[in-house]
Structure formats: structure tokens, C-alpha cells
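Dear colleague,

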Amino acid sequence: MKITSARVIVTSPGRNFVTLKVETDEGVSGIGDATLNGRELAVASYLTDHVIPSLIGRDPRMSEDIWHYLYRGAYWRRGPVTMSAIAAVDTALWDIKAKLADLPLYQLLGGKSRDRVLIYGHANGADLEATVDAVGKYIDMGYKAIRAQSGVPGIEKAYGIGRGDMYYEPADARLPTETVWDTPAYLNFVPKLFEKLRDTYGFEPQLLHDVHHRLTPNEAAQLGKSLEPYRLFWMEDCTPAENQEAFRHVRRHTTTPLAVGEVFNTIWDCKQLIEEQLIDYIRATVVHAGGITHLRRIADLAALYQVRTGSHGATDLSPVCMGAALHFDTWVPNFGIQEYMRHTDETDAVFPHDYRFEDGHLIVGETPGHGVTIDEALAAKYPYDPASLPIARLRDGTLWHW
Ligand code: KDG
Ligand code: MG
């Protein structure tokens with residue numbers, strides 16, 4: 001069996017997505033997500049110019065060897081562009097292998113470890129009251145776990161506040177929008193938000209919060225401590241993770257659970273945080289961390305230390321990534337939670353999929369493969385629309401972490 005062709009499909013049904021389609025001489029094809037928000041064409045070019053030519057003629061069933069060929073064989077290892085491209089190939093090959101076996105993908109990984117996948121949604125509002133209302137709407141929709149992000153008095157554009165209630169999209173302009181960040185205003189406000197949320201809704205809903213890399217380790221420790229009475233499911237990305245030792249300080253000072261890793265690309269990014277048990281949840285995902293083949297290695301390492309998975313699932317990860325992630329989540333023994341930011345109707349129409357929302361969970365269907373396809377004719381109607389993620393500056397103009 002041989003790969004006969006592969007091509008990259010770039011489409012923008014409301015936001016940009018990059019998809020790799022791999023075809024074989026037996027008529028079975030597979031697709032993988034290669035979307036890297038704001039850097040889509042870099043991955044498309046890496047695939048088209050460097051990866052696809054080396055795939056033609058290979059046996060698609062040799063996904064492990066192909067993974068190592070693309071990783072070790074490139075000499076230049078790691079990084080989001082390379083690893084998203086490898087992930088797209090890997091996801092497409094697992095899709096093909098499962099279709100050949102006539103099985104849903106989770107069966108090839110080891111079968112079901114659970115019937116349904118706990119997900120969390122994003123409630124956000126321009127101020128405290130609006131955010132409390134938004135959380136209530138998610139509870140009414142059946143969500144069991146909800147991330148709450150709110151506008152902060154004194155900060156004009158706080159992270160996580162969308163244009164509409166359901167479809168948060170941070171890449172909002174051709175060149176990065178400049179936002180202003182104010183740590184003291186934020187640290188004063190966030191405990192008040194969670195106090196109000198617990199007063200209003202009690203302790204049954206799981207509540208999460210994303211700090212989005214904005215704090216120093218000591219500020220993160222302070223915030224974690226001040227949120228302890230409200231028993232968060234997790235506090236995410238509390239400080240940038242390049243210096244992983246910084247998490248020792250946070251960990252020593254708070255029992256608020258910590259989640260990190262949406263920007264991680266390989267097991268090497270996760271190693272110290274996991275081995276030193278500095279986090280509770282690892283957020284690496286299929287598309288940005290080398291596909292199912294590599295994410296499985298990360299999850300197995302994490303399992304040794306009782307670190308659970310909590311994969312990234314913002315709207316910039318396409319339904320193809322979500323489908324593959326849900327098969328992974330259905331199998332992975334040390335599953336924690338899956339982020340799920342709903343896609344728009346236009347996106348869902350371009351990517352028909354076999355997963356469904358029910359009672360705060362997502363459930364994968366029995367379609368062979370990962371269960372997501374692409375309507376190429378419809379995709380062609382939505383041309384690429386360049387957009388960048390914002391940046392943040394402190395009040396004195398210093399460039400900060402967005
Ligand atoms: O492209 C960047 C987004 O995926 C990111 O800002 C979303 O932090 C995020 C999250 O937790 O979903
Ligand atoms: Mg995040």
C-alpha cells in the first residue's frame with residue numbers, strides 16, 4: 001500500500017484552518033489538522049515544500065516510522081511549525097489506518113476507557129455581572145465545567161473576552177492589536193469574580209480560569225493562594241513556562257491545581273513539569289504536539305506522576321483536531337478534561353463530524369477513522385483571511401506576555 005498524493009487545504013469559514021489530506025493507492029484517504037493560529041501559511045509551506053514530497057510512495061500504515069522520519073530525519077527538531085506539520089501527517093495516517101481496520105480510531109489505541117468525555121466551555125463577559133450571567137447560561141446548557149474570564153476594571157481588553165458569547169476569537173486583525181495589561185488591577189479583581197460565582201452557583205459546577213501567561217511566579221503564587229477558597233478545577237498558564245523551575249515556587253505556595261502546556265510541542269517541553277510534579281494537568285494537544293503518536297508518549301509519561309490530560313481545544317484547533325482529540329480522550333487512561341470551544345455553523349458545515357454534545361460531555365461516534373471529513377467544494381468558497389493574535393504591553397509600554 002502506498003501514499004499516492006497529499007495536499008494542503010487552507011480555508012477560512014469564519015477563521016483560518018489548514019488541513020492536510022493524504023490519499024492512497026487503495027482509495028482510502030485521511031485528513032489531519034495543521035492549523036497554527038496567525039502562522040497558518042508557514043505550516044502550509046512546510047508541508048507542501050518539505051514534507052509532502054517525502055511522503056509519496058511510503059506505506060501509510062508505517063505511521064511510527066514516518067513520524068520519526070519527519071522528526072529525526074529533518075535534523076531541525078521541534079518547534080510549533082514543524083510539530084504541527086508532523087501532527088497533520090500523523091493524524092491523517094491514523095485516520096487511514098482506522099478506516100482500513102473499519103474501526104473508530106479509539107479502538108486502535110486500546111478501546112474505550114470511558115463512555116463520554118468531560119469538556120469545559122468558555123463563559124466570558126465584559127464585567128463581573130456579565131460573566132456571572134454567562135456562567136449561568138453555560139450551566140443551563142448542561143455544562144459541568146466552565147472557564148470564566150471577565151473584563152477587569154481598568155483593563156480595556158482583558159484576555160478571553162469575546163465579541164459574542166459563544167465564539168471567542170482572539171486573532172482579530174491583520175496586524176496584532178495592541179492591548180494594555182495591568183497586573184495589580186487583575187489580581188484585585190479575579191478573587192472577587194470567583195467569590196461571586198461560588199456565592200451564586202455553589203460548588204457543584206467545576207470552574208476554571210486562564211491567566212494566559214501574564215504573571216510572574218510570585219504573583220501566580222499569590223493568585224493561586226487567594227483562589228483556594230473557591231476550589232477551582234484549575235488555574236491555567238499562570239506564568240510563562242519557558243523557565244519550568246519557576247513552577248516550584250508557585251507549587252510550594254498554593255494547592256490550587258495547575259494546568260500548563262497549550263503551547264508545548266514535544267515531550268521535552270513537558271518533561272520537567274511532569275517529572276517534578278509541578279502541575280496537575282498537561283494541556284498539550286494533537287495538532288501542536290506532534291499528533292496522536294507523540295501525544296500518547298506525553299500522556300504515558302504524565303500517568304507515571306498522576307498528571308492528567310486537559311487538552312487545548314480553542315476554536316483555532318479545527319474540528320479535525322477535535323475529532324482526533326476526542327478519540328484520544330476516549331482511550332487515554334489518565335484523562336482529566338477536554339477544552340471545547342464551539343465552532344461556528346460555517347466551520348461545522350465545512351468539517352462534517354461524528355461527535356456530539358450531550359449533558360456537558362462530548363461523545364464520539366462509531367464512524368471508522370476519526371470521524372471528521374472536509375467538504376472541499378465548500379472550503380474553497382472561504383479564501384484565506386490573514387489575522388494575527390494580539391500583543392500586550394504594560395502601562396509604561398513594556399512588551400508583556402499576551
Ligand atoms: O491561538 C491562541 C488560542 O488558542 C489561545 O489563546 C486560547 O488560551 C487559550 C485557551 O486556553 O483556549
Ligand atoms: Mg489557554
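**The mixed sheet**

Three strands are arranged as an open sheet in the order β6-β15-β16, with mixed pairing; two strands are taken to pair if DSSP finds at least two bridges between them, and helices (H or I, at least four residues) and strands (E, at least two) are DSSP runs numbered from the N terminus. The edges of this sheet are formed by β6 (178–181) and β16 (399–400), each of which pairs on one side only. Strand β15 (residues 391–394) runs antiparallel to β16, the two being joined over 2 bridges, and in this pairing Ala392 stands opposite Trp400 of β16.

**Provenance and conventions**

Please bear in mind that this is a predicted model, in which local features need pLDDT of at least 70 and side-chain atom pairs count only at pLDDT 80 or more, while totals for chains, interfaces and linings use all residues. Residues are numbered from 1 along each chain as its sequence is written, chains are lettered from A and ligands numbered from 1 in the order in which they are written, and side-chain values use heavy atoms, with hydrogens and water left out.

**The chain as a whole**

The protein chain contains 13 helices and 16 strands. Its radius of gyration, 20 Å, is close to the 21 Å that the globule rule gives for 402 residues, so the chain is as compact as a globular protein of that length; the radius is taken over C-alpha atoms, and the rule is 2.2 Å times the number of residues to the power 0.38. Along the principal axes, the C-alpha atoms fill a box of roughly 60 × 45 × 45 Å.

Of the 402 residues, 59% are buried, where buried means under 20% relative accessible area, exposed over 50%, and partly exposed in between (1.4 Å probe, protein chains only). The chain exposes about 15800 Å², of which carbon and sulfur atoms supply 50%; the areas come from the Shrake-Rupley method with a 1.4 Å probe, and for residues only the protein chains shown count as cover. Among the contacts (heavy atoms within 4.5 Å) with a separation of 6 or more, 73% are between residues 24 or more positions apart.

**Strand β12 and its partners**

Strand β12 (residues 335–339) is mostly covered, with 5 of its 5 residues buried. Strand β4 (residues 117–125) pairs with β12 in the parallel sense over 2 bridges, and here Tyr120 stands opposite Glu339 of β12. Strand β11 (residues 308–311) also pairs with β12 in the parallel sense, over 3 bridges, with Thr309 opposite Phe335. Together with helix α11 (residues 319–331), β11 and β12 make a right-handed β-α-β unit; right-handed here means that, with the strands pointing away from the viewer, the path from the first strand over the helix to the second runs clockwise.

**Salt bridges**

A search of the whole structure finds 20 salt bridges, each being a side-chain nitrogen of Lys or Arg within 4 Å of a carboxyl oxygen of Asp or Glu. One of them joins Asp269 and Arg78 (3.0 Å, N to O), and this pair links distant parts of the chain, with Asp269 in helix α9 (residues 267–275) and Arg78 in the loop between α2 (63–71) and α3 (80–101), 191 residues apart. Asp269 counts as buried at 18% relative accessibility, whereas Arg78 counts as partly exposed at 34%.

Within helix α3, Asp95 and Lys99 lie 4 residues apart, about one turn of the helix, and their side chains meet in a salt bridge (3.4 Å, N to O). Asp95 is buried, with a relative accessible area of 1%, while Lys99 is partly exposed at 29%. Salt bridges also link Arg7, Lys21, Glu23 and Glu376 in a network.

**Glu366**

Finally, Glu366 is placed in the loop between β14 and α13 (376–379) and counts as partly exposed at 47% relative accessibility. Leaving aside neighbours within four places in sequence, Glu366 is in contact with Pro104, Tyr106, Lys112 and Asp354.

With best regards
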